[in-house]
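Welcome! Please take a moment with the sequence and the model, and then we will walk through them together.

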Amino acid sequence: MSDVIIFDKDYDIARKRMVEELKLLGIIKSKRVEEAMLKVPRDRFVPPHERMYAYEDTPLRIMLDQTISAPHMVAMMCELLELEPGLKVLEVGTGTGYHAAVCAEAMERKGIVYTIEYFPQLALYAVQNLAQLDLLDCVKVFTGDGSKGLPKYAPYHRILVTAAAQRDIPRPLIDQLDPNGGIMVIPVEVKPGIQVLYRVVKHGEKIEKEAVTYVSFVKLRSD
Ligand code: SAH
């Protein structure tokens with residue numbers, strides 16, 4: 001490809017079109033998620049050579065063989081989380097920081113997202129992306145094995161996992177979910193090659209688990 005120049009305003013138009021399509025498909029349901037998807041420029045989170053594909057509804061390669069989720073998956077997971085201002089959210093699998101940014105905007109920057117990434121290089125990349133948008137006050141990035149959660153700031157009102165747990169939901173994540181109606185959204189590889197997205201709601205000791213759809217995420221590592 002040569003001599004292709006795409007201006008920021010073209011990305012803005014493409015982003016609006018993407019949001020309209022996700023609304024028509026019924027994936028974006030709430031004003032809150034719509035506004036957040038409109039606010040966060042996905043083109044600023046993907047590597048430069050992928051930028052022109054930022055508003056295609058597809059996952060894209062980032063670095064270290066990881067991917068940024070497709071926009072419909074980001075929107076769907078945010079809807080399932082029922083975000084609102086004032087919540088404390090844990091994201092496992094920071095990647096580019098895009099999904100964390102959408103969560104922060106869905107809370108009108110009035111909540112806090114703790115996000116943990118396994119690879120330090122990616123955590124640094126996410127910090128740079130989030131800093132460009134002045135989001136570091138409401139998104140805190142950590143490095144480590146997020147399958148153990150982030151006990152220091154628990155319990156969390158919401159937990160978002162963006163890599164597929166193997167066989168079952170990691171116990172530490174259930175333990176760190178707020179028992180007063182905390183919601184977790186997590187993909188689980190239930191059989192080799194088969195992943196299911198679950199929405200989990202915790203009431204006291206009681207865990208309600210609902211299968212939402214089949215999905216395809218990178219593997220959730222564990223030390
Ligand atoms: N939410 C990201 C995309 C996530 S891709 C975004 O918006 O860009 C999944 C990410 O999970 C990858 O970056 C991968 O390195 C990370 N990951 C995998 N296992 C992990 C673990 N145990 N703890 C924290 N992060 C993990």
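A polar backbone atom of Arg221 lies 2.6 Å from a nitrogen atom of the ligand, a polar contact in the sense of two N or O atoms within 3.5 Å of each other. The ligand on its own exposes 580 Å², and 99% of that is buried by the protein; such areas come from the Shrake-Rupley method with a 1.4 Å probe. This is a predicted model, in which local features need pLDDT of at least 70 and side-chain atom pairs count only at pLDDT 80 or more, while totals for chains, interfaces and linings use all residues. Residues are numbered from 1 along each chain as its sequence is written, and side-chain values use heavy atoms, leaving out hydrogens and water.

Stay with the ligand for a moment. It is surrounded by 25 residues, the closest being Thr96, Glu117, Asp145, Gly146 and Arg221; to count, a residue needs a heavy atom within 4 Å of the ligand. The side chain of Glu117 places an N or O atom 2.6 Å from a ligand oxygen, and a backbone N or O atom of His99 is 3.0 Å from an oxygen atom of the ligand.

Now turn to helix α3, residues 71-81, where a helix is a DSSP run (H or I) of at least four residues. Nine of its 11 residues are buried, that is, under 20% relative accessible area, with exposed meaning over 50% and partly exposed in between (1.4 Å probe, protein chains only). Among the buried ones are Pro71, Met73 and Leu81. After α3 comes Glu82, with a positive phi near 50 degrees.

Methods:
Helix = DSSP H or I, 4+ residues; strand = E, 2+ residues; numbered from the N terminus. Polar contact = N/O pair within 3.5 Å; in protein donor to acceptor, adjacent residues only side chain to side chain.
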